[in-house]
2 protein chains.
Amino acid sequence: MPPLVMKFGGTSVADLDRIRNVARHVKREVDAGYDVAVVVSAMAGVTNQLVAWCRDAAGLHDAREYDAVVATGEQVTAGLLAIVLEGMGVDARSWQGWQLPILTDNAHASARILDVNGGELTRRFQERKQVAVIAGFQGLHKETGRITTLGRGGSDTSAVAIAAAIGAERCDIYTDVDGVYTTDPRVVPKAHRMDKIAFEEMLELASLGAKVMQVRSVELGMVHNVRIFVRSSFVKPEDIDPRQTPPGTLICDESEIMEQQVVTGIAFSKDEAQISVRRVQDKPGVAAAIFGPLADGNINVDMIVQNVSADGATTDLTFTVPAADYDRARVTIEKAKNTIGYERLDGATDVAKVSVIGIGMRSHAGVAARAFKALSERNINIRAITTSEIKFSVLIDAAYTELAVRTLHTLYGLDKA
Amino acid sequence: MPPLVMKFGGTSVADLDRIRNVARHVKREVDAGYDVAVVVSAMAGVTNQLVAWCRDAAGLHDAREYDAVVATGEQVTAGLLAIVLEGMGVDARSWQGWQLPILTDNAHASARILDVNGGELTRRFQERKQVAVIAGFQGLHKETGRITTLGRGGSDTSAVAIAAAIGAERCDIYTDVDGVYTTDPRVVPKAHRMDKIAFEEMLELASLGAKVMQVRSVELGMVHNVRIFVRSSFVKPEDIDPRQTPPGTLICDESEIMEQQVVTGIAFSKDEAQISVRRVQDKPGVAAAIFGPLADGNINVDMIVQNVSADGATTDLTFTVPAADYDRARVTIEKAKNTIGYERLDGATDVAKVSVIGIGMRSHAGVAARAFKALSERNINIRAITTSEIKFSVLIDAAYTELAVRTLHTLYGLDKA
């Protein structure tokens with residue numbers, strides 16, 4: 001049987017009782033015949049404590065030292081889980097990022113994985129069926145020999161990269177939800193869990209705030225074609241029937257999804273702010289004059305809408321930034337007023353972005369048009385629109401977010417029966 | 001200037017305020033021109049929490065996993081101290097045991113240091129005067145690539161080994177006492193701090209329970225002739241006059257001590273238990289029959305007294321064990337009764353060992369005889385005596401411990417003026 005990767009996040013390993021629960025899940029898969037690599041996060045709360053200490057130690061702290069400190073959280077969990085597994089009679093050992101090694105670049109605190117050496121894991125699978133318990137979130141920068149971390153949610157990325165390295169059948173992400181939903185069930189009670197979703201769709205959902213999976217891990221899964229299964233860690237291992245597919249959502253290549261929906265899910269985000277630059281010169285270099293300073297200030301610009309100029313001389317340019325960066329973004333643009341050349345700056349923070357995602361859009365015309373019509377029938381004003389091959393987003397007044405999401409969820413036939 | 005090693009224990013780095021205090025001590029030495037390597041323990045309480053988790057995870061836990069878990073405590077302190085130092089404008093970086101590396105044997109949880117590679121530290125001293133902040137207590141087993149720990153108090157050993165590796169002028173042990181005393185000041189108010197003590201004497205004091213320094217670290221200091229200076233970490237760095245020798249005790253080669261006292265210090269231990277095996281056969285192999293099973297049971301035997309047989313056939317054999325092992329030791333001897341062949345087993349747990357230490361004994365006769373006389377004048381009964389070249393110990397009723405220690409302290413002229 002091919003190996004299997006199982007990943008457990010911070011709430012799933014928050015204390016020793018939960019770590020024991022995790023161990024029973026691992027044993028269940030070992031008993032089913034799998035060679036298992038488990039990737040674990042720090043116990044819930046531990047990373048926050050470590051980060052707080054670093055911040056307390058110095059306002060501007062060396063990211064290399066920060067990484068050495070925060071990587072300890074995962075190291076502790078990995079050791080404890082190995083001890084519990086061995087106590088249950090399962091051969092297991094812990095692996096730190098530097099031990100495998102998991103090589104990363106030098107971008108401390110948000111490093112990217114370059115290479116995972118799974119050779120020793122495979123050797124031990126074959127030799128003695130030893131379970132590998134791997135500290136997630138961390139790696140090694142080869143040239144400096146220093147510990148790196150991948151940034152928040154990085155354990156997902158560790159898990160997918162390891163799955164790719166050892167040729168795992170699947171990467172199971174155990175989390176506090178039981179899968180990926182068509183939209184937030186707290187907003188739309190009729191939202192339902194998807195059985196399958198394509199990598200591209202999940203990427204859009206993840207980056208739009210569905211929060212189930214870290215974006216980079218989905219990217220990595222797509223590139224290496226690692227099937228990712230999102231499932232609940234709170235199900236008791238004893239309650240799982242090995243003959244049935246457990247509840248969860250499989251993130252996979254679109255070719256594996258037989259009946260492709262036109263629209264798969266609806267995402268939304270209220271942490272948006274809109275800035276409109278009025279009557280800017282419609283000439284080359286203006287966009288650079290606006291977005292250059294924003295990039296320099298590390299302000300993440302999302303939607304950008306520029307209309308074709310009506311008078312051939314000036315135009316309006318609208319973009320969105322995270323609500324937290326709104327004031328800073330305005331000041332930045334005002335400072336650059338002379339370089340940019342514009343008449344007036346408008347803005348709003350009470351806006352929301354609603355996005356409709358589906359690979360089927362590629363082959364179905366008019367998907368977005370139906371949405372515009374449905375929203376207008378509800379008197380929801382669309383401030384801006386952006387589109388890509390498999391999604392479109394509308395910017396609306398925040399007050400209408402829930403109404404818009406519910407309307408679109410029903411429109412595209414996503415309500416559960 | 002030669003490099004300097006500074007070591008700070010758990011109470012000295014218990015929180016960020018204390019870590020800042022440590023950083024100011026380091027900066028003081030950097031400003032004085034030293035190249036500094038700092039060795040740190042885990043923040044007070046952290047190691048206990050990690051150990052408790054390991055115990056909770058499984059009764060019999062894998063020592064390799066235990067080491068991976070508990071080594072994180074020192075890793076966190078090292079990173080935080082490096083951050084604080086950099087925040088103060090001092091170039092610094094943290095080093096894990098596996099990074100230098102500090103190579104040890106494979107005896108997880110109580111590993112011995114085999115080799116310390118100080119080359120990179122020296123290079124950075126010369127190149128940029130960078131302070132090395134080193135996680136104490138931990139190392140690397142080269143063949144397996146796994147993290148080892150040195151056992152409780154191991155950070156002292158790390159510090160001395162590093163001092164030897166980089167040829168440090170001195171290894172300063174900052175601790176919660178301000179030096180080594182002639183005996184416990186809580187028992188003898190007239191006890192005084194020694195300015196200097198020879199390695200051999202400190203070894204005897206340390207192993208007899210003076211608790212200031214770990215035995216192995218003193219051993220290592222003696223072998224590599226690393227001068228160890230025990231001093232208080234609670235003195236404010238601002239209050240130290242750089243022109244004066246600070247309060248503390250220097251542990252050094254005896255040749256560095258001009259006026260050698262006959263007796264340097266008095267140690268005592270109440271955690272003793274005595275077992276007497278009555279009328280054993282006085283023939284070869286009997287001692288092995290008694291102490292073999294005790295060693296197999298990991299029971300540490302300390303004093304052993306066997307008299308020359310009076311009747312040429314049988315004799316009494318007395319030995320001491322830690323009080324906690326008394327019951328187990330008795331059972332062990334009783335089980336082996338047939339092999340050993342003895343008449344009766346006597347024992348007592350209300351006994352104490354008092355030891356008199358001094359290199360001067362080597363050249364002064366009658367030192368012990370004076371003690372026996374003084375103790376008998378106080379009506380203190382001596383149950384057993386052992387002697388070595390530079391110390392002698394008496395086993396007495398525990399109730400007389402304080403009286404005996406005070407009597408001997410005065411007898412050998414150790415009371416402060």
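User: Before we start, what counts as a contact between two residues here?
Analyst: Two residues are in contact if their C-beta atoms, placed from the backbone, lie within 7 Å; please keep in mind that this is a predicted model.

User: Switching to the inside, how many residues does the largest nonpolar core have?
Analyst: The largest nonpolar core has 251 residues, and those with the most contacts inside it are Val38(A), Leu81(A), Val133(A), Val38(B) and Leu81(B). As background, nonpolar side chains tend to be buried together in soluble globular proteins.

User: What does Val38(B) touch, then?
Analyst: Leaving out residues up to four places away in sequence, Val38(B) touches Met6(B), Phe8(B), Val26(B), Leu81(B), Val131(B), Val133(B) and Ile134(B).

User: New topic, the backbone: which peptide bond of chain A is cis, going into Pro101(A)?
Analyst: That is the bond from Leu100(A) to Pro101(A), with omega near -10°, and Pro101(A) lies in the loop between β3 (92-95) and β4 (102-104) of chain A.

User: What about Leu100(B) and Pro101(B)?
Analyst: Leu100(B) and Pro101(B) are joined by a cis peptide bond whose omega is about -10°, and Pro101(B) sits in the loop between β3 (92-95) and β4 (102-104) of chain B.

User: What phi does Arg279(A) have, and where is the residue?
Analyst: Arg279(A) has a positive phi of about 55° although it is not a glycine, and its place is in strand β13 (residues 265-281) of chain A.

User: Is Arg279(A) buried, exposed or partly exposed, and why?
Analyst: Arg279(A) counts as partly exposed because 16 other C-beta atoms lie within 10 Å, whereas a buried residue would need 20 or more and an exposed one 12 or fewer.

User: And Asn379(B), buried or exposed?
Analyst: Asn379(B) is exposed, as it has 8 other C-beta atoms within 10 Å. Asn379(B) also has a positive phi, of about 65°, although it is not a glycine, and it is found in the loop between α12 (367-377) and β17 (382-387) of chain B.

Technical notes: Residues numbered from 1 in each chain as written. Chains lettered and ligands numbered in written order. Predicted model: local features only at pLDDT ≥ 70, side-chain atom pairs only at ≥ 80, totals over all residues. Helix = DSSP H or I, 4+ residues; strand = E, 2+ residues; numbered from the N terminus. Core = buried A, V, L, I, M, F, W, Y, C linked by C-beta atoms within 7 Å.
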